[in-house]
Amino acid sequence: MRKPYVILIGSASGIGKSTISAEIAKKLNIKHLIESDFIRAVVRGIIGKEYAPALHSSSYDAYKHIRNKDRYESYDELVSAGFDDHASYVIPALEKIIQRAITDFDDIVIEGVHLVPGLIDTEQFEDEANIYFFVLSSDEESHKERFVKRAVEIHRGGKQLDFFKENRIIHDHLLERAKAHNVNVIKTTSIESTLDKILAVINKSCTTVKLTNSIDELEDVIDIIISKNNATLERITYNIKGFKEPLIRNISISDIDSANKFIKDLNENKDKKEYLTQLYELSEYRKTTICASNQEKLDKIISELQEKGYVLNE
């Protein structure tokens, strides 16, 4: 029997984690979907405001209750510290919920701002469950647009809109924590692309193909894999003539913005482009590992690459 799924989806307010979490639960037929805000409400009923003022504040203004604020070098550090303090009261209860789900062999999705990488201890469950931890990100303009929409929907427009700056600080803080603790960061664009990226990690449908595209065709290859099909480039292996051991590069790129930035830098930096051109010339092909949300999408990607003549015919 497979181990139960524990899927954790965190982000700052207004990124879209509730929508994405509901869709993930539906796609994977998981009946247990819990918001950390509900757990916070229970914990608030147990721990009084006089003992935990940060808990009884919102995540974005908990910093106001920190003692010795002068020890923080910047406003960003102060807001982040207050946020961590706020979340730390909720996390033990979330860990208890995870343990109960595992004991009952139930799959579960938990979403919320309180899922902070490094604060919640997922390692304790790794032998008993399939743990998948994601932090959602967004560019500032899209975040603000969704943040305003969300604030209006829950009738907290005036109060929440005054704290967008603090929520953006929390957004950046969560990304830093995620990168430091090897948690998947998923950039949100459309619902479909975000779901595909998450499912590509959970379902992990991967294959390795031998690509023969040129440097100038690399942008088209990236467009087919990442932009059109929301898949991930995991690894590239160069079998260099004259060398026994191949050159292996683990890249794990699923964000089209990052891929486009690489292409732009490549086109603007002649030395970098020349180096990669020489590397291409020294290898007959490049073994490229591609991962997608399911086998059907993976087959579609390979078919499109073959139609363009980018795959080695053997």
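This is a predicted model: local features need pLDDT of at least 70, side-chain atom pairs count only at pLDDT 80 or more; totals for chains, interfaces and linings use all residues.
Q: Why are helix 9 and helix 12 called roughly antiparallel to each other?
A: The axes of helix 9 (residues 218–227) and helix 12 (residues 295–307) cross at roughly 160°. Angles over 145 degrees count as roughly antiparallel, and the two helices are therefore placed in that class.

Q: What else describes the pairing of helix 9 with helix 12, in terms of how their axes come together and the hand of the crossing?
A: The axes come within 10 Å, and helix 9 passes helix 12 in a right-handed crossing.

Q: Which residues in helix 9 meet which residues in helix 12?
A: V221, I224 and I225 in helix 9 meet I301, E304 and L305 in helix 12. Contact here requires heavy atoms within 4.5 Å.

Q: What makes up the contact of helix 9 with helix 12, by class?
A: The contact has five nonpolar residues, one charged residue and no polar ones. Val, Ile and Leu count as nonpolar, whereas Glu counts as charged; E304 in helix 12 is therefore the charged member.

Q: How many helices and strands does the chain have, and what box do its C-alpha atoms fill?
A: There are 12 helices and nine strands. Along the principal axes, the C-alpha atoms fill a box of roughly 70 × 50 × 40 Å.

Methods: Residues are numbered from 1 along each chain as its sequence is written. Side-chain values use heavy atoms; hydrogens and water are left out. Axes are lines fitted to C-alpha atoms, for helices over the stretch in contact, and angles run from 0 to 180 degrees between N-to-C directions. Helices (H or I, at least four residues) and strands (E, at least two) are DSSP runs, numbered from the N terminus. Angles under 35 degrees count as roughly parallel, over 145 as roughly antiparallel, 65 to 115 as roughly perpendicular and the rest as oblique. A crossing is left-handed if the near helix is turned anticlockwise from the far one by less than a right angle, and right-handed if clockwise.
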